[in-house]
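Here's a quick briefing to read with the model open beside you. Have a look around first, then work through the points below.

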Amino acid sequence: MAEANNTTVTLQVHRFTPRAERAERAERARGGSPFARKSSPFGGGSDSAARRRPRGKQWVQEYTIPARPEDTVLDCLLAIKRTMDPTLAFRYSCGHGMCGSDAVSINGTPTLLCTASIRDWAKQPGTLPQVDDEGFRHIGDETADDATDIEAGDSANDGSLGVIELAPLPGFPPQRDLIADIDPMLNQIRKLTPYLEADGVLATTSEGKVDVFEYLQHPDQLAKYEMLSNCIACGVCEGSCPVFAGGDAFIGPAALIWSSRFINDSRDNKAMDRMDDIDTADGVAACQSVRACSRHCPRGIDVGEEMWQIVAKVRER
Ligand code: SF4
Ligand code: FES
């Protein structure tokens, strides 16, 4: 972030405080002990439904801060957290598009905070996508491609580079502010055995010690799944998928990408079992080929095309 500059950006952040947390704060304000609670608010049974659709206070908060066009949205959020509002919650780790922990909705489009620049995403007020009376978001001009072009030094007369709307990743339950619970996606990936299952002969040295365990592979075989192994499980494709949205109807594109990664690996010997696992009503059969999942994968995977390939492979087997 620039220490001193004449331009600003306004972030409109959709905030959320879950009800349990508010009740706990009220208890503390009354002088009671939060540890006096008889049972955990996050226990199992009927609570699990409440965890999927958490209730709480929702509001939109605006922050206007100094920023340059080349700053990222993550830079701006960190500046807000350090200088204006330490209660603002968001998740990040690597800061460089490698870990996938900071996927959110920016101007209605799922993407990563750390790779989204002010230049690409700030819009002049009044041009953000609007939600109509029936709750539908008009998406005609919501993508980065259509965003107002901002070159260094460009700004409205008041020095504003524009407005950016931030919300948690769609399709997942919000936990707090911009943090969504991506466990449903990670659990689906885990269920599909996301690791290599290969046969190999244990090589030993002449002294009987374990030697290098090699699984040789031709570059052509590597090329079949190498791109898929770039997936960082960020959830951007799932947040873009209208079938995955908010339910159990579809295991989701990220889980299928991980499954496809091992099905296409010549060293793996469980390809048939893996295809059986996804040949279900909520597996490949649920994909409607909308291809919204392809639009913003931060790792450059053409998710929709990969879905198409794996559906064909499962059907042809
Ligand atoms: S396929 Fe791309 S968008 Fe989907 S989870 Fe993996 S990295 Fe993210
Ligand atoms: S913080 Fe790691 S991908 Fe953005």
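Which side chain does Arg261 meet in a salt bridge? It's the side chain of Asp265, at 3.0 Å from N to O. This is a predicted model, so keep that in mind for everything that follows.

**Salt bridges**

- The count comes to 10 salt bridges.
- Asp85 and Arg15 make one of them, with their side chains meeting at 2.9 Å, N to O. Asp85 sits in the loop between helix 3 (73–83) and strand 3 (103–106), while Arg15 belongs to strand 1, so this pair ties together parts that are 70 residues apart in sequence.
- Glu305 and Arg291 form another bridge, where the closest N and O atoms are 3.2 Å apart. Glu305 is in helix 10 (residues 303–316) and Arg291 is in the loop between helix 9 (271–278) and helix 10, so parts 14 residues apart in sequence are tied together.

- Five strands make an open sheet with mixed pairing, in the order 2-1-5-3-4. The edges belong to strand 2 (56–66) and strand 4 (109–112); each has a single partner strand, so one side of each has no neighbour in the sheet.
- On average, neighbouring strands here are turned by 35° against each other, direction ignored.
- Strand 1 (residues 8–18) pairs with strand 2 in the antiparallel sense over 11 bridges. Among the bridge partners, Phe16 goes with Gln58 of strand 2, and Thr10 goes with Thr64 of strand 2.
- Strand 1 pairs with strand 5 too, this time in the parallel sense and over five bridges. One example is Gln12, whose bridge partner in strand 5 is Glu165.
- How many of the 11 residues of strand 1 are buried? Nine of them are, so strand 1 is largely enclosed by the rest of the structure.
- If you're tracing side chains along the sheet, remember that in a regular strand they alternate between the two faces.

**Aromatic pairs**

- Searching the whole structure turns up two aromatic pairs.
- In one of them, the rings of Phe172 and Phe244 have their centres 5.3 Å apart and their planes at 50°, so the pair counts as tilted.
- Phe172 comes from the loop between strand 5 (160–168) and strand 6 (174–176), and Phe244 from the loop between helix 7 (236–240) and helix 8 (253–263), so the contact ties together parts that are 72 residues apart in sequence.
- Phe172 and Phe244 are both buried.

- Asn107 isn't a glycine, yet has a positive phi of about 50°. You'll find Asn107 in the loop between strand 3 and strand 4, and at 0% relative accessibility Asn107 counts as buried.
- Ser289 isn't a glycine either, and its phi is positive at about 55°. Ser289 is in the loop between helix 9 and helix 10. At 37% relative accessibility, Ser289 counts as partly exposed.

**Around ligand 1**

- Which residues are around ligand 1? They are Cys231, Ile232, Ala233, Cys234, Gly235, Val236, Cys237, Ala254, Cys297, Pro298, Arg299 and Val303.
- Sorted by class, this shell has 10 nonpolar residues, one polar and one charged.

Terms used. Residues numbered from 1 in each chain as written. Chains lettered and ligands numbered in written order. Predicted model: local features only at pLDDT ≥ 70, side-chain atom pairs only at ≥ 80, totals over all residues. Heavy atoms only, no water. Near = heavy atom within 4 Å. Nonpolar A, V, L, I, M, F, W, Y, C, P; charged D, E, K, R; others polar. Pairing = 2+ DSSP bridges. Helix = DSSP H or I, 4+ residues; strand = E, 2+ residues; numbered from the N terminus. Axes fitted to C-alpha atoms, helices over the stretch in contact; angles between N-to-C directions. Salt bridge = Lys/Arg side-chain N within 4 Å of Asp/Glu carboxyl O. Phe/Tyr/Trp six-rings, centres within 6.5 Å; stacked < 30°, edge-to-face > 60°. Buried < 20%, exposed > 50% of the residue type's maximum accessible area, 1.4 Å probe, protein only.
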